[in-house]
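Please read the notes below next to the coordinates.

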Amino acid sequence: MLEFKTRKKIGIGKEGQIHKDFASLVKKYEFYKKLDCIFWSYNASGEKRTIITGALLKAKGLKTGIPDYEFRFARDKILHSLFIEFKYGNGKQAESQIDFQNKIEIFDNAYYEIARSAEEGIEILEKYKLIIE
C-alpha cells in the first residue's frame with residue numbers, strides 16, 4: 001500500500017469550520033436569490049494536502065497569499081471584486097497575504113476584508129450590499 005507524507009495533519013481545523021459555516025450561509029442566500037453577485041468562489045490555496053498534490057498545484061500556477069473567498073459583483077456597469085480572508089482567533093496574516101492586500105487596495109473597485117467568524121463574513125457581504133433584503 002502506498003503512503004503519502006503530508007506537511008500538516010489533515011483535518012478540517014477551526015478555521016476550516018468557519019469556512020464551511022460561511023459557505024453554507026452564502027449558499028442559502030444564493031438559493032433564495034438573496035445574493036447579489038455575478039460570481040463567488042472559495043480559494044483552496046491554503047488547504048492541507050499531500051506533498052505531491054501541493055507540488056502539482058504549484059506547478060499549475062497556484063499562488064500563496066490569495067484570500068479564502070472572492071466575490072465579483074457589478075455596480076453601475078463596473079465590475080467590483082471583494083476578497084475575504086478568514087482568520088481564527090488571534091490568527092494573523094502571512095506576509096504573502098499582506099502583500100496581496102496591499103496590491104488590491106490601490107484599486108477603487110477592489111476590496112479586501114478580514115473576518116473571524118461566518119457571521120462577520122455575512123456582515124461584510126451586507127456592508128457591500130451583496131445580501132438582498
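1. Which residues form a nonpolar patch on the surface, and with about how much accessible area together? The patch is formed by Ile38, Phe39 and Leu79, which together have about 300 Å² of accessible area. Areas come from the Shrake-Rupley method with a 1.4 Å probe, and for residues only the protein chains shown count as cover. Patch members have over 30% relative accessible area and no salt bridge; like charges are joined within 9 Å, nonpolar side chains (Val, Leu, Ile, Met, Phe, Trp, Tyr) within 5 Å. A salt bridge is a side-chain nitrogen of Lys or Arg within 4 Å of a carboxyl oxygen of Asp or Glu.

2. The model is predicted: local features need pLDDT of at least 70, side-chain atom pairs count only at pLDDT 80 or more, and totals for chains, interfaces and linings use all residues. Residues are numbered from 1 along each chain as its sequence is written, and side-chain values use heavy atoms, with hydrogens and water left out.

3. Phe39 lies in strand 1 (residues 39–42). Its relative accessibility is 41%, so Phe39 counts as partly exposed (buried is under 20%, exposed over 50%, partly exposed in between). Strands (E, at least two residues) and helices (H or I, at least four) are DSSP runs numbered from the N terminus.

4. A surface patch of negative charge gathers Asp21, Glu119, Glu120, Glu123, Glu126 and Glu133. Helix 4 (residues 118–127) supplies its largest share, four residues. Glu133 sits in the segment after helix 4 and, at 79% relative accessibility, counts as exposed.

5. Helix 3 (residues 95–104) has Gln97, Phe100, Gln101 and Ile104 buried. Down the helix 3 axis these fall within an arc of 100 degrees, so they line one face (the arc is that of directions from the axis to the C-beta atoms). The face turned away from the buried side of helix 3 carries exposed Glu95 and Lys103.

Note on methods
Lys, Arg positive; Asp, Glu negative; His and termini not counted. Charge placed at Lys NZ, Arg CZ, Asp CG, Glu CD. Buried < 20%, exposed > 50% of the residue type's maximum accessible area, 1.4 Å probe, protein only.
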